[in-house]
Amino acid sequence: PESPAFEAIQTLAQPETALIYWHLSHEQLTTFVVLPHQAQPIVIDANRASQAQKLQGWLATYNSEYRSYAGKKNKTEQRSRHSWRLHFKSLLTQLQQILNIEAIAKELPAHTKRIVLVPHRDLHRLPLHTFFPDALTTYLPSARMGLALSQQPPTSALAPLLNIDDPDIEQPKMEYARLESTLVRQLVGNATHLAGRVTATDATQALETHYNTLHFTGHGEYNHRQPENSAL
């Protein structure tokens with residue numbers, strides 16, 4: 001399918017909202033900043049080929065560390081001391097430099113209150129929002145999806161809510177996730193609650209009923225060799 005025109009994408013950047021859009025190929029990493037009332041997107045001035053090369057190297061290290069960490073599913077003590085967890089903050093600092101976040105931030109107007117991030121490829125699974133702590137940050141899987149969602153009737157109500165709470169699997173319970181789930185249900189009020197041995201069939205059948213919001217807490221696993229085998 002054809003990509004949306006810039007004029008259409010720009011409608012996602014409402015007043016006081018900026019849209020940051022990445023495109024990652026094997027040769028280049030290109031970053032666009034889309035602001036309202038701008039005639040064209042801002043392209044971050046950087047060595048895009050060098051960025052792509054550094055990012056591929058960073059991802060290779062990250063993937064290797066994560067696979068090792070994920071392989072110790074039932075070894076809580078080993079996981080807590082694993083280098084992937086111990087070095088996570090420094091890994092994010094390296095990623096922040098590779099993505100040239102400082103240059104991106106300089107392009108954001110002072111009155112920016114909301115940032116919409118549109119990652120690409122492996123960037124989808126990284127916590128990019130942590131690089132923009134001073135604004136409300138949300139994600140879109142693509143600009144096309146954002147435009148499709150913007151054409152749906154708006155809803156201000158979170159209820160009714162479908163809540164899937166830390167399903168039982170062969171991994172440690174997530175006590176803080178369960179606390180979060182309890183608080184969300186209390187805040188929303190009208191909620192259907194699934195817990196225990198929740199299967200994919202249970203979730204699919206529940207989603208066939210109309211809900212305004214889905215809230216999930218639980219474990220996830222990313223398979224970078226076969227992304228279709230990733231799972232919640």
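Predicted model: local features only at pLDDT ≥ 70, side-chain atom pairs only at ≥ 80, totals over all residues.
Figure 1. Apart from neighbours within four places in sequence, the contacts of Ile104 are Ile20, Trp22, Thr31, Val33, Ile44, Leu99 and Phe132. Arg67 stands 37 residues from Ile104 in sequence, and the C-alpha atoms of these two residues are 31 Å apart in space.

**Figure 2. The open sheet formed by strands E6, E7 and E8.** Three strands make up an open sheet in the order E7-E6-E8, and their pairing is parallel. In general, the strands of a sheet pair through backbone hydrogen bonds, in either a parallel or an antiparallel manner.

**Figure 3. The pairing of E6 with E7, and the helices that touch the sheet.** Five bridges join strand E6 (residues 161-165) to E7 in the parallel sense. Within this pairing, Asn163 is placed opposite His193 of E7. Helix H8, formed by residues 175-188, packs on the sheet and touches E6, E7 and E8. The direction of H8 makes an angle of about 165 degrees with that of E6. Helix H9 lies across E6, E7 and E8 as well, and runs at about 170 degrees to E6.

**Figure 4. The largest pocket.** The volume of the largest pocket is about 670 Å³. Its lining consists of 23 residues, and those nearest the centre of the pocket are Tyr66, Tyr69, Arg79, Trp84 and Gly220. At least two lining residues come from each of helix H2 (48-70), helix H3 (76-80) and helix H4 (83-86). H2 gives the most to this lining, with four residues. Sorted by class, the lining of the largest pocket contains eleven nonpolar, seven polar and five charged residues.

**Figure 5. The second largest pocket.** Helix H9 (200-207) and strand E8 (213-217) are the elements that give two or more residues to the lining. The most comes from H9, which supplies four residues. The classes in the lining of the second largest pocket are ten nonpolar, four polar and three charged residues.

**Figure 6. The cavity.** One cavity of 30 Å³ or more is present in the structure. The largest cavity has a volume of about 30 Å³. Glu16, Thr17, Ala18, Leu35, Pro36, Pro109, His111 and Thr112 form the lining of the largest cavity. These lining residues fall into four nonpolar, three polar and one charged.

How values were computed. Residues numbered from 1 in each chain as written. Heavy atoms only, no water. 1 Å grid on protein atoms, 1.4 Å probe; cavity = no way out; pocket = protein on both sides within 12 Å on 5 of 7 lines; lining within 4 Å. Points joined across faces, edges and corners; volume = space filled by probe spheres on them. Nonpolar A, V, L, I, M, F, W, Y, C, P; charged D, E, K, R; others polar. Pairing = 2+ DSSP bridges. Contact = heavy atoms within 4.5 Å. Axes fitted to C-alpha atoms, helices over the stretch in contact; angles between N-to-C directions.
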